[in-house]
Amino acid sequence: MENKNVVIVEPANDKDFGTTVLNSKNWDRIVITNSNGKKVAEINGETATPATGYLVEMYPNFD
């Protein structure tokens, strides 16, 4: 896998980042890849774009 300027967060609510992964003030975009490094989805503040055959599910916060 090529070197990229990214942060791999696991679990998604890692306290080292002081927030949750959904806080767009901290992230430009989220790119999801499979174990072979193929991009299967990209999510930013405007769109969620999955690769063919994949589905992005978004859940509302009812709080």
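Biologist: Is Glu42 buried, partly exposed or exposed?
Modeller: In this predicted model, the relative accessibility of Glu42 is 22%. Buried would require a value under 20%, and exposed a value over 50%. Glu42 therefore counts as partly exposed.

Biologist: Which residue forms a salt bridge with Glu42 with the closest N and O atoms 2.8 Å apart?
Modeller: The cut-off for a salt bridge is 4 Å between a side-chain nitrogen of Lys or Arg and a carboxyl oxygen of Asp or Glu. Glu42 has a salt bridge to Arg29 with the closest N and O atoms at 3.7 Å. The separation of 2.8 Å belongs to its salt bridge with Lys39.

Biologist: How many residues apart are Glu42 and Arg29?
Modeller: Their salt bridge has its closest N and O atoms 3.7 Å apart. This pair links distant parts of the chain, with Arg29 in strand 1 (residues 29–33) and Glu42 in strand 2 (residues 39–44).

Biologist: Which residue meets Arg29 in a salt bridge at 2.5 Å, N to O?
Modeller: Arg29 is partly exposed, because its relative accessibility is 47%. The side chain that meets Arg29 at 2.5 Å, N to O, is that of Asp28.

Biologist: Is Asp28 buried or exposed?
Modeller: The relative accessibility of Asp28 is 58%. Exposed means over 50%, so Asp28 counts as exposed.

Biologist: Which residues are linked in a network of salt bridges?
Modeller: The search of the whole structure gives three salt bridges. Glu42 pairs with Arg29 and with Lys39, while Arg29 also pairs with Asp28. Lys39, at 46% relative accessibility, counts as partly exposed. The network consists of Asp28, Arg29, Lys39 and Glu42.

Biologist: What pattern does the protein follow along the sequence?
Modeller: The secondary structure comprises zero helices and three strands. Read along the sequence, that is β-β-β.

Biologist: What distance separates the C-alpha atoms of Thr52 and Ala41?
Modeller: Thr52 lies in the segment after strand 3 (48–50). Its relative accessibility is 82%, so Thr52 counts as exposed. Thr52 and Ala41 are 11 residues apart along the chain, and their C-alpha atoms are separated by 9.3 Å.

Biologist: What percentage of the 63 residues is buried?
Modeller: A residue has to be under 20% relative accessible area to count as buried. The accessible surface of the protein is about 6,000 Å², with 50% belonging to carbon and sulfur atoms. Among the 63 residues, the buried share is 5%.

Methods: Residues are numbered from 1 along each chain as its sequence is written. This is a predicted model: local features need pLDDT of at least 70, side-chain atom pairs count only at pLDDT 80 or more; totals for chains, interfaces and linings use all residues. Side-chain values use heavy atoms; hydrogens and water are left out. Buried means under 20% relative accessible area, exposed over 50%, partly exposed in between (1.4 Å probe, protein chains only). Helices (H or I, at least four residues) and strands (E, at least two) are DSSP runs, numbered from the N terminus. Accessible areas come from the Shrake-Rupley method with a 1.4 Å probe; for residues, only the protein chains shown count as cover.
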